Amino acid sequence: MRAYMEAYLNNAVNKFGNMMDYAVNDCELDGDQYLSMFVSSGLAQQFERGNPKVIAGMSGIDTATQAIRIVTGRPPAAKPAQLDYRTAEFWAGWALAQYQWYTAQSFSSILRVLPFNNIVALYPALHEADITKFYAVADEIYFRECPLTNLKRIREVSGLSQSQLAAQAEVSLRSIQMYEQRNKDINKAHAITLAKISRALGCEVEDLLERETIGGTSK
């Protein structure tokens with residue numbers, strides 16, 4: 001489920017592009033280094049959840065300034081350049097924000113598989129194409145690099161067996177197995193079931209949900 005309506009999307013993604021352009025080209029930060037700050041600051045999570053102040057109320061430069069201040073303790077001194085064209089970093093931020101909205105995945109999950117600098121590298125080939133072309137390329141990378149379901153990946157990181165998770169979450173072992181094998185769609189699980197599993201794993205419910213492809217079916 002997407003966190004905010006499509007009516008807000010154009011403003012949100014352009015703001016994200018401006019944020020990345022300012023952080024990389026004016027503040028001279030590595031794109032992935034800055035996005036680590038963005039996640040650590042808590043602003044990424046607010047963006048993902050559609051907080052109106054973050055997706056619409058602040059400019060991209062204000063957002064970058066706040067993220068840097070929260071993490072480093074001081075605001076950046078750089079002044080934004082006034083350009084009459086959009087940089088590769090703007091496009092990469094714009095595309096990343098579009099993809100996050102489209103997939104409803106966290107920025108952290110996406111960036112583990114597709115770092116920002118790798119998105120910038122796609123600029124020459126994709127910046128003039130429809131955004132669905134970027135979705136297709138990102139999907140191909142995502143599913144190649146993440147063959148495991150989110151549930152299985154998080155469970156294995158937590159050190160729990162399927163049986164242990166089932167017992168702690170008070171969910172049947174068969175359900176855990178079917179969710180992990182994608183024989184049962186975890187996105188359609190009851191909210192109470194998702195809450196129990198996420199509590200047992202120490203993660204957010206959103207972390208358990210699976211991606212969908214452009215065609216609308218899970219891979």
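Let's start with Thr-193, which is found in helix α14 (residues 191-201). Helices here are DSSP runs of H or I with at least four residues, numbered from the N terminus. This is a predicted model, so local features need pLDDT of at least 70 and side-chain atom pairs pLDDT 80 or more, while totals for chains, interfaces and linings use all residues. Residues are numbered from 1 along each chain as its sequence is written, and side-chain values use heavy atoms, without hydrogens and water.

Is Thr-193 buried or exposed? Thr-193 is buried, at a relative accessible area of 17%. Buried means under 20%, exposed over 50%, partly exposed in between, with a 1.4 Å probe and protein chains only. Leaving out residues up to four places away in sequence, Thr-193 touches Val-171 and Tyr-179. Contact means heavy atoms within 4.5 Å.

Next, a helix pair. Helix α2 (residues 31-40) packs with helix α5 (residues 60-72) at about 80°, axes 8 Å apart. Axes are lines fitted to C-alpha atoms over the stretch in contact, and angles run from 0 to 180 degrees between N-to-C directions. That makes α2 roughly perpendicular to α5, a label for 65 to 115 degrees. Who meets whom? From α2, Tyr-34, Met-37, Phe-38 and Ser-40 meet residues of α5 including Ala-64, Ile-68 and Val-71. The contact divides into seven nonpolar, three polar and no charged residues. Ala, Val, Leu, Ile, Met, Phe, Trp, Tyr, Cys and Pro count as nonpolar; Asp, Glu, Lys and Arg as charged; the others, Gly among them, as polar.

Notes. Helices (H or I, at least four residues) and strands (E, at least two) are DSSP runs, numbered from the N terminus. Angles under 35 degrees count as roughly parallel, over 145 as roughly antiparallel, 65 to 115 as roughly perpendicular and the rest as oblique.
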